[in-house]
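Hello,

I am passing on the structure we spoke about. Please open it alongside this message.

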Amino acid sequence: MIETWNLTKRFGSFGAVNGLSIRVEPGQILALLGPNGAGKTTTTRMLSAILMPTYGKAIVCGYNVVEEARAVRSIMGLLTEVPGLYTRMNGLDYLEFFGRLQGVHPKVMKPRIEGLLVRFGLWEHRHRLIGTYSKGMRQKLALLRAIVHDPRVLYLDEPTSAMDPYSAKLVRDFISDLRRDDRTIVICTHNLAEAEMLADRIAIINRGRIIAEGAIDDLKRRLLGPPRYKLNLATPLIGLLTAVDGTVRLEETGDTWVCYSTPNPEATNPALLRRLVEAGAAVESLSQMPRSLEEVYLSIVEEP
Amino acid sequence: MISGLSLVIARREVKDAFTDSRILLPMLILAVIFPALVVAGIAIGMPLMEQVDPEATTGKLIPFGAMLVGFFPISFSLVIALESFVGEKERNTLEALLAMPLSDAELFAGKLLAVLVPPLILSLVALAIYTACLRLFLGFQVASDILVLTVMLSSVEAFVMVAGAVVISSHTTSVRAANLLASFVVLPVALALQGELILLITGYGQALWFVWAEFLVIAIILVRMGITVFNREAILARENDQLNARLVLGKLWRFFNSLPDAATDPEQGKGGRFGLRRLYIADMPQLLMANWQPTLVVVCLVGAGAVIGYVFATQHPVPLGLRLAPDLARYSGFLDSLGEISTWSIFIHNLRALAIAAFLSVFSFGAAALLLLLMPLVLVGFFTGQASAMGLNPAVFAFAFFVPHGIIELPVAVLVSAFSLRLGMSLMSPPKGFTFGDSLLLAIANWVKVMIALLPFLLVAAFVEAEVTPLVVRWLLGSQ
């Protein structure tokens, strides 16, 4: 579990992170979103015990990031924003090097590395110099570096950047599996669709402060208003509006359709349909209008 | 300090260096071809040198060549060392390493070891090739003591260069900047090498052991400094090497205005307001309390200096023919001249000496401050000893010549020197959260405060020295 209280990092007079308080439970994925320079990387660096907070406190799996920095580093894995690999090493040696630094026992390390390389399609490339790897392969190897010691906490900065769709899905599935193993995961990403797919909770950071935080549906409801629905009829709407109006808040109407929003769809929608049927309307479809995380993001993060 | 994890890092980097043709080829050339060239040079120079000195080949040329051959591969250590941290930062590989569960000291030790091993191996290889070529082609053998000395000197010089370069590498933001700063390592070592060669050629080869000891001390200082100031956070957080004079002066001003006990954060605090009253009742007590250790060191040194001077004088008295007569009244001209030096000139001289000592202290880890205070005290002891040898009462002599003004001047000099020593040490042990620059600025601010506080006493001491001491000398010794 990760918990922070008023976590603050200043570089001189510049406040990179200002009073960040978050809590991420085991088995939960938190996506940190925000524009470039918002403080996402600084936050993960503080949680990785690489940067020391100027003020505030952070506890990772029971360890204080300042007082028990070494313990924190041994139980977490960090995928950095730029893969940053030793290009004149081969993939296998590279993972063994970091495994040794993480104190993984050789007997455990060999099969674990083999399993990871096989799963990510790098096994046949294990003796090739990293310098000859494609961007996607490098990104995968960097991810393997972060998890070679089977960490309880993972910080992933843009985990699928530079990956083809197949590899990206492979990585997303892997991250989902890690969540099932009760890992605590923080993802920093600009890929909002991916965040929506993976994350249980979202924290949007801007200028070092959290400006919105919560489950994705909660955020949508809070920031974009109640969910919107589109009702399509087989017949013209004329004469039926009175049945609709008053029950829900009408937003747009057409000849045979109507868009509305309602804060309580579980109760409102069945009642509405009943009234329409009673009024003789032929209902073709009723569907929730999709609202993306991008809309949420753009509604609160101003243009840089 | 060196743990298994340090060795893991070192092993990887050594392997990396030995598989990089850009590094390996020049190193091999220096280690293999250069010794052969030196032997060829000796073969050419031998007949010429032996015309002047029949023993020149074994006594000078061969040791000279050994020194060169041992040193040159080591010079290459700089290339690897300079990029040990900053190169990794430029290639974005450093963050992953910093995220490993290693202590700063383990990481630093691993890097240090990694950059030290390849040049040392190559230096040994070069020396082996040199001795083999000498034996094979010229029939000469390098004396074992010269070989041992060369290996020891090369090793310790490599240590100094590597430790200095790693410190530079961990405190710069680009390889280019690190290369530029490398001249601070290269120039002193190159000068030292020239000095060593001169010692060797002039027949003072044994003195090179003192040079070795000196390099060893510097190496230890640099390693300690490197470990103390190595900070993974600073490496990652530092983004540029921009020198902003306004910021630097602003920080210096803030440190100057801060009470010493409050100057704990280089980035925070408004600094308070400096005033003379506060200087004497708050700043000075805090500064003296916080700096009792350097003050104690200087006090001990002052005492030791006077004793050394006195003992030296008793062991090496001035020959009878050169001695002054005990009756100082015969030297009325000399006594008159004592009163001709003005208060102002003494004051300026003392002020300048203390300022120069402080300035040089920054570049000598504080040694200059100690040496420049030690020398006059050795002289005081020496002259008192000579006075004793002449039959004068040493206590009366010292009381007459030194005590009237020394009772004020000496404590002032001791305190200022203690803060000069702190100034020199500031680069070796910055306070927690302080960079090299912050630490130096804080030490400068404190030194200036101490200087301001003690200036009136320095002036009074100068007045006493100019106006009172000559009278006391005349009064006490004029009739002896």
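This is a predicted model: local features need pLDDT of at least 70, side-chain atom pairs count only at pLDDT 80 or more; totals for chains, interfaces and linings use all residues.

Helix α2 of chain B covers residues 21-52, 32 residues in total. From first C-alpha to last, α2(B) reaches 44 Å, close to the 46 Å expected at 1.5 Å a residue. It is not straight throughout: α2(B) has a kink of about 45° at B:Met46, shortly before the proline B:Pro47.

Which residues of α2(B) are buried? They are B:Met27, B:Leu30, B:Ala31, B:Pro35, B:Val38, B:Val39 and B:Ile42. An α-helix has 3.6 residues a turn, so residues three or four places apart point the same way.

The crossing is right-handed. On the α3(B) side the contact includes B:Pro63, B:Ala66 and B:Met67; on the α8(B) side, B:Ile146, B:Leu147 and B:Thr150 are among the residues met.

The second pair is in chain A. Helix α8 (residues 216-224) and helix α11 (residues 293-300) have axes that come within 10 Å and cross at roughly 50°. That makes α8(A) oblique to α11(A). Contacts here include A:Ile216, A:Leu219 and A:Lys220 of α8(A), and A:Leu293, A:Glu295 and A:Val296 of α11(A). This crossing of α8(A) and α11(A) is left-handed.

Regards

How values were computed:
Residues are numbered from 1 along each chain as its sequence is written. Chains are lettered from A and ligands numbered from 1 in the order in which they are written. Helices (H or I, at least four residues) and strands (E, at least two) are DSSP runs, numbered from the N terminus. The expected span of a helix is 1.5 Å times one less than its number of residues. The bend at a residue is the angle between axes fitted to the seven residues ending there and the seven starting there. A residue is buried if 20 or more other C-beta atoms lie within 10 Å of its own, exposed if 12 or fewer, and partly exposed in between; C-beta atoms are placed from the backbone. Axes are lines fitted to C-alpha atoms, for helices over the stretch in contact, and angles run from 0 to 180 degrees between N-to-C directions. Angles under 35 degrees count as roughly parallel, over 145 as roughly antiparallel, 65 to 115 as roughly perpendicular and the rest as oblique. A crossing is left-handed if the near helix is turned anticlockwise from the far one by less than a right angle, and right-handed if clockwise. Two residues are in contact if their C-beta atoms, placed from the backbone, lie within 7 Å.
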